[in-house]
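Here is a short briefing to read alongside the model.

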Amino acid sequence: MRRHMPKDLVAHVAKNVLVALAERKIPLYPENYLVWFDYYLGINRDLVEDVNLHLEKGIPFSEEINKELYLKHFGSEKNAELLESAQKEIQQLLKDVLDEILYTQNFTSEYREKLKQVTIEIEVAKEMSEIRKIVSDLMHATVEVIQASEYLKERLEDTTRKSEVLQRELNKAQQENLFDQLTNLYNRKAFEKRIREYLKTFKSGGKLFSVVMFDIDHFKQFNDQHGHQLGDQVLRFVGAFLNKELKGKDFAARYGGEEFVILLVGTAADKAVLVANNIRKSLSDVQLRHVKTGTVLGRVTISAGVSAVREDDAVESLVKRADDALYLAKQSGRNNVKAEMDLSPEYAVPEAVNPFMVEFLKA
């Protein structure tokens, strides 16, 4: 029947037949294969018209309808030669399809071995009933693999989702760990991290930078007079003021308590003094009032100290000079800015002084 047809054409039509039978849930019998092979081949016009009629009417292709089509177009008695030829084509088709799947898809080693075994069994099968059983067993194995694959896929997607959530939470926690919740500025930990980065960059040929340390004058007395809640409001106000004044161009942090610190990149000490004085003056221009009562709370004044990075600096020495300058500003009457250039033995905090005493003296 098909001995003189090109092998490529037979293979192409056969694959269409396999898909058609699977889509319509038609059993893979030689009789059904013959009907659909000739339909896709298009030579038997009467058969094509009958099949198209069923397709147009949307009639499902049951076993009975396929049997009727076979008997009508291939004779009332089974044509042994045709059926034998059809069986061989089915075997070859299944083998080709399995080979293609086997060598182009990724499967578990167990399933791959199953495919190899099925390929051999189909090739040596004598009866169509054997082939149907082999294909049935393969379908069960395939379903199990697909289910396992879907389970693994779901687990993988679930794990990916969880890891993304954890990563976001970790990023959020890390960010929160670097911010002061009250003022919305960076905290001391973030400052120490950033100043080390700046110092490392500077010593590698990067830009110089200056440190401005300041605290709010007489803040303890303000807290004692108005309470810690209003004191917190003042700290929030200073934090918001710095964010607005610096516009994200420079680094500002709450160093602790009422003390703040600013890092000014590309700014020498004399220019940093100007920046600190501008902040000091702008802050002192604001008259604070109680939101609910309208009571005048006074003005915020600050004392500030400035230092600029040097080649021989460590973080500790750079911060200490700014801190010493801040101490000098406070000792000089507060509400002013002093720089490391203003330091003298009379005002510099001695190296040997206990750090707890330094905090006590500065208070």
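The largest nonpolar core has 33 residues, and L242, I262 and V306 touch the most other members. Such a core is a set of buried Ala, Val, Leu, Ile, Met, Phe, Trp, Tyr and Cys residues joined through side-chain atoms within 4.5 Å, where buried means under 20% relative accessible area with a 1.4 Å probe, protein chains only. At least two residues of this core come from each of β1 (209–216), α9 (219–226), α10 (228–246), β3 (259–265), α11 (269–284), β6 (302–308) and β7 (337–339). The top contributor is α10, with 7 residues. This is a predicted model: local features need pLDDT of at least 70, side-chain atom pairs count only at pLDDT 80 or more, and totals for chains, interfaces and linings use all residues. Numbering starts from 1 along each chain as its sequence is written, and side-chain values use heavy atoms, without hydrogens and water.

**Around the cores**
- Beyond its neighbours within four places in sequence, I262 is in contact (heavy atoms within 4.5 Å) with residues including V212, F214, L242 and F251.
- Another core, of 21 residues, lies apart from the largest one, and among its members are A190, I195, V211 and V309.

**Whole protein**
- The protein has 13 helices and 7 strands, taken as DSSP runs (H or I, at least four residues, for helices; E, at least two, for strands) numbered from the N terminus.
- Buried residues account for 39% of the 363 residues.

**Confidence**
- Mean pLDDT, the predictor's confidence in each residue from 0 to 100, is 77, and 64% of residues reach 70 or more.
- Over residues 346–363, pLDDT stays under 50.

Notes. Buried < 20%, exposed > 50% of the residue type's maximum accessible area, 1.4 Å probe, protein only.
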